[in-house]
Amino acid sequence: MASPACSVRRRIETEEAQRPPPALSDDLQEEIFLRIGSPTDLVRASTACVAFRRLITDTSFLRRYRAIHPPLLFGFISHAGLLRAEPPHPSSPAAAAANFFFNNYLPPGRGSWWYPCDVRDGRVLLYCTLKHNDCDLFPDLAVCDPLSRRYMLLPPIPEGLITSVQARKQNIDASESLLVLSGQEELETSFRVICCMRCATRLVVFIYSTVSGCWSVTTSPTWPSLGLNVLPPDLLELEMGAKCAYGCFYWQVENMNKLLKLDMNIMEFSINDLPPDHDRRIVCVVEGGEGKLAMFSQNEDGTSVEYYILLQDDNGRATEWHMKNTIPLPFNYYSYITCSSEGYIFLVGTLKEQDMKHTTHFSLEIKTFNIQRVCQFRSCSAYPYFGFPPSISPSRIQ
């Protein structure tokens with residue numbers, strides 16, 4: 001005969017077996033979804049039921065998810081659309097579903113075609129040149145979220161603003177347009193666009209802000225006042241030349257061991273020195289972590305790059321560049337640095353003893369120095385595009 005204690009235990013176990021499991025609260029479900037490492041797997045989870053999709057596509061959840069998990073490298077954006085990451089790259093399945101043909105849905109500008117000129121945080125800055133004028137220095141501009149196909153057409157720079165700094169076409173020999181993010185969560189739908197106009201005596205910068213809805217202008221000190229008194233204007237590269245790190249843009253001054261720096265927080269220009277013998281090297285300024293500025297410097301033979309950290313004194317002032325590592329580049333390729341984005345630098349490699357018709361594009365992760373093949377396509381100006389699959393990428397273009 002069973003003891004009273006055994007009877008009580010069996011009754012409790014029977015009641016627990018019959019009791020339905022407790023319902024998962026939204027907060028607990030959110031914590032579970034945040035631990036899904038692959039954005040593609042998160043998209044699959046969002047299709048399971050209406051409740052999952054409502055939670056996963058919520059803006060506050062996506063903000064938390066993006067802060068924890070890095071975006072996917074879909075490939076490279078050019079005038080031809082998206083040049084997709086190819087297998088065995090881990091992002092190739094997500095990239096296969098993307099379709100970036102801006103000219104299919106953007107209204108025509110004054111010119112005949114929209115071209116990308118900068119890509120940052122899932123947004124693409126595009127310009128449209130005047131017909132039969134590839135050297136138009138004041139093109140139409142648009143900012144687009146290619147996954148949602150939402151866009152904003154920017155107003156032209158006012159004629160009075162151009163006249164106020166005497167930035168007429170005859171005084172400008174090159175220009176570059178760049179996208180600047182707000183850097184603040186509460187202003188994540190806002191951005192700025194800067195147009196840098198290289199003149200014979202200085203660099204003129206026009207700034208558009210979505211907060212003010214208008215253009216303003218700032219001018220640099222003259223070249224001589226920056227210590228560049230021997231600088232012909234064509235030595236400052238303005239074609240895919242600017243590198244962004246910690247809210248500052250850097251341009252390499254060719255044939256000099258110098259960087260021109262524009263601090264976007266205070267809108268001031270200054271000059272940074274490069275290590276000796278860097279007057280003819282390709283360099284890429286990056287964020288080295290913990291607020292330290294870092295740099296990749298390409299050796300002239302195209303077979304390796306050197307990694308430098310900018311040392312600081314106790315007061316936070318820059319002192320000198322310190323080389324920490326040399327990274328060999330892919331064997332049998334002549335490679336050169338093109339740009340940086342989202343914790344990577346990007347290189348274009350051409351097989352030795354072959355022509356430039358087809359090039360292979362590689363990524364180099366800044367933290368690990370790991371090099372990975374992304375894709376192969378005919379050499380052209382292209383910008384790396386990072387993002388999340390469309391169903392978890394709400395538009396930020398208002």
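Predicted model: local features only at pLDDT ≥ 70, side-chain atom pairs only at ≥ 80, totals over all residues.
I began with strands β12 (residues 248-253) and β13 (residues 258-263), which run antiparallel and are joined by six bridges. Strands here are DSSP E runs of at least two residues, helices are H or I runs of at least four, and both are numbered from the N terminus. I count two strands as paired if DSSP finds at least two bridges between them. In β13, leucine 260 has tryptophan 251 standing opposite.

Residues are numbered from 1 along each chain as its sequence is written, and side-chain values use heavy atoms, with hydrogens and water left out.

Next I looked up the sheet: four strands form an open one, in the order β11-β12-β13-β14, with antiparallel pairing. I noted β11 (243-245) and β14 (268-273) as the edge strands, each pairing on one side only.

Then I turned to helix α5 (residues 59-68), where I found Phe61, Leu62, Tyr65 and Arg66 buried. For burial I use relative accessible area: buried is under 20%, exposed over 50%, partly exposed in between (1.4 Å probe, protein chains only). Why are these four on the same side of α5? Because they cover an arc of only 130° around the axis, taken from the directions from the helix axis to the C-beta atoms. I saw the exposed Ala67 and Ile68 on the face turned away from the buried side of α5.

My last stop was isoleucine 32 in helix α2 (residues 26-34); this residue is partly exposed, with a relative accessible area of 43%.
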